[in-house]
Amino acid sequence: MDEVGSNGSSQANKILSLCWSCGTVAASYYDVDQLEIYAIQQAADQGPQYALVGNLIRQYKPLFYLVSGSKSFLEDVPELLGLPNGTVLQHINSGKITCEEKARYCDFGPKAIKASISKVLSMNLPGIHQQATESERRLYMESVLPFSQDLLIHSVGCLLKLLDSLASDNDELIVSKINVLAPETLLVIDELTYQALQIFDSRLHPSGFKRNMESSPCSLYNLYNRCSSRIGRIELINLMQKPIRNLTELNERLDTVEWLITPHNSNFVNQMKNYISNLSRIQPLYKKVTLKRAKNNEWKSLKRNIYYVYLLGKLCTTVREPSNDKTTIALLAEFVSQPGNVLKQLLYTLDEVLDLERGERDNKFTIKPGIDRELDGFRAQLDETQTALLETSRLEIENLPIDADDVFVTFLPGYGFVFSTTRTDGLENPSSIESTTMNVVCQSDTTVYFQNDLCRLLNTKFGGLLASISDHEQAILEKLVTYIDRIIPELLDIFNVSAKLDVMLAFASVAETQKYSRPVLCDRKVLQIKQGRHPLLELYKPYHPNDTDLSSTSNCLVKILASPDPSGKTVYLKEIALICYLAHIGSFVPAQAAIVGLLDSIYSRLDFPESVFSGKSSFMSELYQISNILSNTTSRSMVLIDEFGKGTTFSEGKSLLISSVEYLLQKEIEVPMTFVATQFTAISNYLRDYRYLRIYSAQRDAAANHNESTSDHNQHHQELIASVIQSLTLTLTKKFLGNELVDPGSVAQLYHSMPITQAPVFNGEGHPTSARQGTKL
């Protein structure tokens, strides 16, 4: 789980259900590890771009997809999911799902939606009484899910139907809780931007090998992976996959980090880390408990987790004060301070009911004495029988080639009462125990089990004793499981908050060691950074900090950096994006100070992982990214464009760049905050009269500018000549294939007569004159 892919896909144990119709999408997914369903409310998402759908796919990377909706959406699904060309999706009822399948589709329409409503209302969710009436069940479910959103309910209903079909082969698919998410609170970042910013990916800058950099730590996740527990590491991936724009939640995270890095709180911080390091995932334990398969060690692990999370909550109660009243610490303290403290009640119940010492000997669920008088009587009778059996057979045992003090009486299903002894080096051949009265019944690597006639006699007489004990213990187990089922939603909430605190501790550690500062978040269109740094590059070499100021009040919303030299333009663009990203996950940022307005999306044209399997050329990949930017950005988006057009000819590249930037600038005050890096220094000659544009061009001396201008014209001229030659070649080929004779003189005359083949003459200012001189063929 600690190893993550380029998009944090190690936590990909999810089944995603998508429902799209008429420009609106809703989704839900089942987390196999967390045993929870997450329902994502309806939101606008226009096709064929499907920006929100693409963001969900990028965030969750599910094991399996379930799709439903209009015909046009189903036709676009294979490409959206990256399935091979020609893939035809099967219906959800088309037999057993194979390992090779990645997706199936469900019916869509009024009838299908009605069936989904019934499916959702009939689900068994912890918190719903088994004897609840239909109206009570509906009232409870309406408090959990918005039934007014048909697409959302259909998405959840289809997901439940799939889980039922899977549960026929694996009955361990349990839903412990339903969570509802609002897509408008999520910051949309496309997958290519995630890769370019190295959020999870450890790729280095292409020149990184020159400095002998190690690639393993070169990702933001590896920098922040300082959690004390596994549940914290899982939550870290979750938070980094889902940057948000909820100002209240972000300020809560920042307040928590600020309190944790305060020097006089260091002792409390160390105690928190100690308690959290003892926590583990309770979902697998709950699964075993609710299916009544939990062994003694699993009950022991559950009690240990409850104990340490209770200590953590008590510590948070101790340190709670006005300065941390709106933090994760206060939230944990609130759980423990409630009159009906579920942690304390469960801890007390487990301590009073479970006999973990005896259970460790028997390796099964065992009840303490004093809970059930009849059960105590059965156990006393069993203990007496076992003691009498051992004493009666003592003489026979002492005559065996084993240590008599290492012989115990136990009860094995299928064999009844047996003697057991440790298998030692002196007992290489267990058959040596065989005598006229003793017989070996079974053996393992460490233990040998054997019987005599008295064992078999007692099995006949007291064989039902163990069954009676088991029946009474199962009845008590049923009550205990019912109680845990009732409180499990709140219990999971407490552990989720504890995992979140673990992440905040990691954020605080990074902020303290790397000297990050707290950003000021606001709901205005502004980005002001003082002495900003690249969080990854500064780990390897000294980094020159940069200032940034973008806002409508400063009349700067589009910033173009034009320089033909490798001056760090790309690194600066990534620095800006990473600072904004960190602010949107609630982390301090690598800057002396920063004011960050909430964004709704970050799009980039930074780089594209070229591959012969992608089916796209380098230039086509650039166009794909720019098209994504022009189609999906809003006024509150951030756009990063780096060296757009380098995959085609110089004239085509600069034309596409200028037209793309102009398209954004024409939105005036609604233009997204845009950063452009280019080697085309003459771009200022084409973009001059826009209010919110600032162009920063590298200054050169007059001779260098003259040479660059001449070079640009010559390059453009050579490209046009190549075009003419290509046209002439095509003409000659056609004539040759038509068996027509071609006069070389006429071809030369045609070439000389075209003005484009004449070399331009430049005046002293670097501009072409009207006179042209012909060239000889």
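**A working chat on a predicted model**

Reader: Where is Val 120 placed?
Author: Val 120 sits in helix α3, which covers residues 110-121. Please keep in mind that this is a predicted model.

Reader: Is Val 120 buried or exposed?
Author: Val 120 is buried, because its relative accessibility is 0% and the cut-off for buried is under 20%.

Reader: Which residues does Val 120 touch, leaving out those up to four places away in sequence?
Author: Val 120 is in contact with Met 141, Leu 145, Phe 147, Ile 153, Val 156, Gly 157 and Leu 160.

Reader: And what separates the C-alpha atoms of Val 120 and Met 141?
Author: A distance of 8.0 Å lies between the two C-alpha atoms, while Val 120 and Met 141 are 21 residues apart along the chain.

Reader: Changing topic: how many cavities of 30 Å³ or more are there?
Author: The count is 1 cavity. The volume of the largest cavity is about 50 Å³.

Reader: Which residues line the largest cavity?
Author: The lining consists of Ile 282, Tyr 286, Val 289, Leu 302, Leu 346, Ile 484, Ile 488 and Leu 491. By class, the lining has 8 nonpolar residues, with no polar and no charged ones.

Reader: Which helices each supply at least two residues of that lining?
Author: They are α11 (283-290) and α18 (453-514). Helix α18 gives the largest share, 3 residues.

Reader: Why is α11 described as largely enclosed?
Author: Of the 8 residues of α11, 6 are buried, so the rest of the structure largely encloses this helix. The buried ones are Gln 283, Leu 285, Tyr 286, Lys 287, Val 289 and Thr 290.

Reader: What follows α11?
Author: Lys 292 follows α11, and its phi is positive, near 60°.

Reader: Now the sheet. What is the order of the 4 strands in the open sheet?
Author: The order is β13-β17-β14-β15, and the pairing is mixed. Strands β13 (520-522) and β15 (546-551) are the edges, each pairing on one side only. From one strand to the next, the twist averages 15°.

Reader: In which sense do β13 and β17 pair, parallel or antiparallel?
Author: The pairing of β13 with β17 (residues 593-597) is parallel, over 3 bridges. Cys 522 stands opposite Gly 597 of β17.

Reader: Which helix lies across β13, β14, β15 and β17?
Author: That is helix α19, residues 569-583, which runs at about 110° to β14 (526-532).

Terms used
Residues are numbered from 1 along each chain as its sequence is written. This is a predicted model: local features need pLDDT of at least 70, side-chain atom pairs count only at pLDDT 80 or more; totals for chains, interfaces and linings use all residues. Side-chain values use heavy atoms; hydrogens and water are left out. On a 1 Å grid over the protein atoms alone, a cavity is a set of points where a 1.4 Å probe fits but cannot get out, and a pocket is an open set with protein on both sides within 12 Å along at least five of seven lines; lining residues have an atom within 4 Å of a point. Grid points are joined across faces, edges and corners, and a volume is the space filled by probe spheres set on the points. Ala, Val, Leu, Ile, Met, Phe, Trp, Tyr, Cys and Pro count as nonpolar, Asp, Glu, Lys and Arg as charged, and the others, Gly among them, as polar. Buried means under 20% relative accessible area, exposed over 50%, partly exposed in between (1.4 Å probe, protein chains only). Two strands pair if DSSP finds at least two bridges between them. Axes are lines fitted to C-alpha atoms, for helices over the stretch in contact, and angles run from 0 to 180 degrees between N-to-C directions. Contact means heavy atoms within 4.5 Å.
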